[in-house]
Amino acid sequence: MRRRRPRGGALVAALATLAFSAALGAALADLARTELRLGAERRLASRLLGALDACVADVAGALPAGWDFAALVTGPDGTPGTADDGALTAPADCTAIARAAPGGPAPDRVVVRVEARVGAARRHLDALVRRAPEPGAGGLLWLSAPPEAGAIGGTAAIDGGDSDAPLASLAAPGDPDALDAWIAGEGAHLDVSPATLAPVAGPAPPLDDLRSRVQAVPYAGTEALVASGAPAAVVAYVAGDLDVADARVGAGLLFVDGRLDVGGTLAFQGVIVATGGLHVASGAGLTLDGGLWLGVGSPALAIEGALVLRRSPGAVAAADALLPLPRRAVVAGTRDVG
Amino acid sequence: MTLAELLVGTVLGLAVLAVLTSAVAVAGRMLIAAGARAEGEDTAQLAMEAFRFDVRRAGWDPAAAGHAALVDARADGLALAADLDGDGRIATDSEESVAWRCVTASRRLSRIVGLQSMPLADHAVGCAFRYLDRDGAAVAAPVAAADLPRVRAVELSLRLLPPGLSHPASRFLLAALRAAP
């Protein structure tokens, strides 16, 4: 009887199964690799977008407060058409260049092209930067340097206003955490209303430019501070220190080109600027509805009596109508370029 | 070889073959499911990325013509504007005018660029927009025209359930409007 030879069917089946399994495994591996690569790309894109946003915020926050951006566009040499046009100081791994915005000249604004780098990857964004609608740097108290600890030996009450449009208690160059710590460190001497926003880091007030502008318009002197009644809002300029020894009221813009020393009581509606700082003596009081902008004094802020500082958009707007006041730079829009 | 040996061998062979076939079938189904899952997740993610870039640039107005970022705001859609070429106008037939729509009837999320509708995601079992004000409080949709400037952030939540998946691919994105009101 003739024996049939084995045909190797099992081997064929095993090989076919192996081949099919290998194909499935390869497909799965390819899928996983594709997803891993997509995930890495998305992480990188998110990091780049975050770096761009941080760069724009840092660059805009570091821009000096002022009235326009002409100096930014022409660069440090002040001459248009040169290599330094629009060059801005930017953090590491980031560059920023300002250029004039299209359209009409008003309101003053610039387009800042920002490039952020993460490793070898880079991304660009255009940011539209303009001046803030409200004068100042976003704080009721605008200082040229962080305040010193223990500046308030008496009492100070700061009210940022209604919840619809509150202001920060304090704006000054420096680390916002340090400003927070100063607020906390003043303890019971400083009463900040709940509606008031936390301190913000910002540029120093441009007091030299503001002085020039004040001196370029008709201004009053100390007679603008009257003993009683409803004072007219005016621009007042005082060369040197100003001592207020009795009861005075005033309104508008008071520019003290020196130290403001309150030994009596002063009630003011508008903006008070004191390039040499503020001292409120024990038993004295300053009540200000508007803004208080101080230069570098020794110290810039010394409150032994009582300071009441309240938000008053109307009073600040009235002062701004008398003489346009400086404003901080804010980002008004962005556009991802690629 | 006896008949018994042949039967035992056949049974063993069939059993092994059945196990192998089942394993391969399971692996095949896993591959299909993984592919569908990956496609669903990628589609949802791509929709979110497109939405993020649209919101980031909304209100771009370098010519200071006064264009609003958010033109229309509803629970099932919104419309954004940006003067991308800086000519002071919003060309409604271009990428300067972008709308997003959740079409519940067809379970589709569409991005309408100018006058052209571009389906972004099908099999959308959940798709909704939400609007927040400066304090993070919700602004009721549809948002009245007078309240549009109050909206400072927009949220899109999306759930896609392509065929073959038991659980949806879910994403939500909250993006702040960059343009100052």
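**Briefing: chains A and B and their interface**

Arg42(A) is found in helix H1 of chain A, where helices (H or I, at least four residues) and strands (E, at least two) are DSSP runs numbered from the N terminus. Arg42(A) is buried, at 17% relative accessible area; buried means under 20%, exposed over 50% and partly exposed in between, with a 1.4 Å probe and protein chains only. The model is predicted, so local features need pLDDT of at least 70 and side-chain atom pairs count only at pLDDT 80 or more, while totals for chains, interfaces and linings use all residues. Residues are numbered from 1 along each chain as its sequence is written, chains are lettered from A in the order in which they are written, and side-chain values use heavy atoms, with hydrogens and water left out.

**Interface of chain B and chain A**

- Chain A contributes 36 residues to the contact and chain B contributes 29, contact meaning heavy atoms within 4.5 Å.
- About 2,500 Å² is buried between the two chains, 60% of it from carbon and sulfur atoms; buried area is the accessible area (1.4 Å probe) that two parts lose on being put together, summed over both.
- On the chain B side, Leu31(B), Arg56(B) and Trp60(B) lose the most area to chain A, together 25% of what that side buries.
- Five salt bridges are counted between chain B and chain A, each a side-chain nitrogen of Lys or Arg within 4 Å of a carboxyl oxygen of Asp or Glu.
- Arg42(A) forms a salt bridge with Glu49(B), with the closest N and O atoms 3.4 Å apart.
- Leaving aside neighbours within four places in sequence, Arg42(A) is in contact with Asp42(B), Gln45(B), Leu46(B) and Glu49(B).

**Nonpolar cores**

- A nonpolar core is a set of buried Ala, Val, Leu, Ile, Met, Phe, Trp, Tyr and Cys residues joined through side-chain atoms within 4.5 Å.
- The largest has 41 residues, and those with the most contacts inside it are Leu254(A), Leu260(A), Ile272(A) and Leu278(A).
- Apart from that core lies another of 32 residues, which includes Phe51(B), Ala58(B), Leu109(B) and Leu173(B).

**A buried aspartate in chain B**

- Asp133(B) lies in the loop between strand S6 (124-132) and strand S7 (138-139) of chain B.
- Asp133(B) counts as buried because its relative accessibility is 15%.
- Beyond neighbours within four places in sequence, Asp133(B) is in contact with Val139(B), Arg150(B) and Arg152(B).

**Backbone geometry**

- Most residues other than glycine have a negative phi, and most peptide bonds are trans.
- Asp93(A), not a glycine, has a positive phi of about 60°.
- Asp93(A) is in the loop between helix H2 (70-74) and strand S1 (94-100) of chain A.
- Ala64(B), also not a glycine, has a positive phi of about 55°.
- Ala64(B) sits in the loop between helix H1 (3-57) and strand S1 (70-74) of chain B, and is partly exposed at 30% relative accessible area.
- Ala141(B) and Pro142(B) are joined by a cis peptide bond, with omega about 0°.
- Pro142(B) lies in the loop between S7 and strand S8 (153-160) of chain B.
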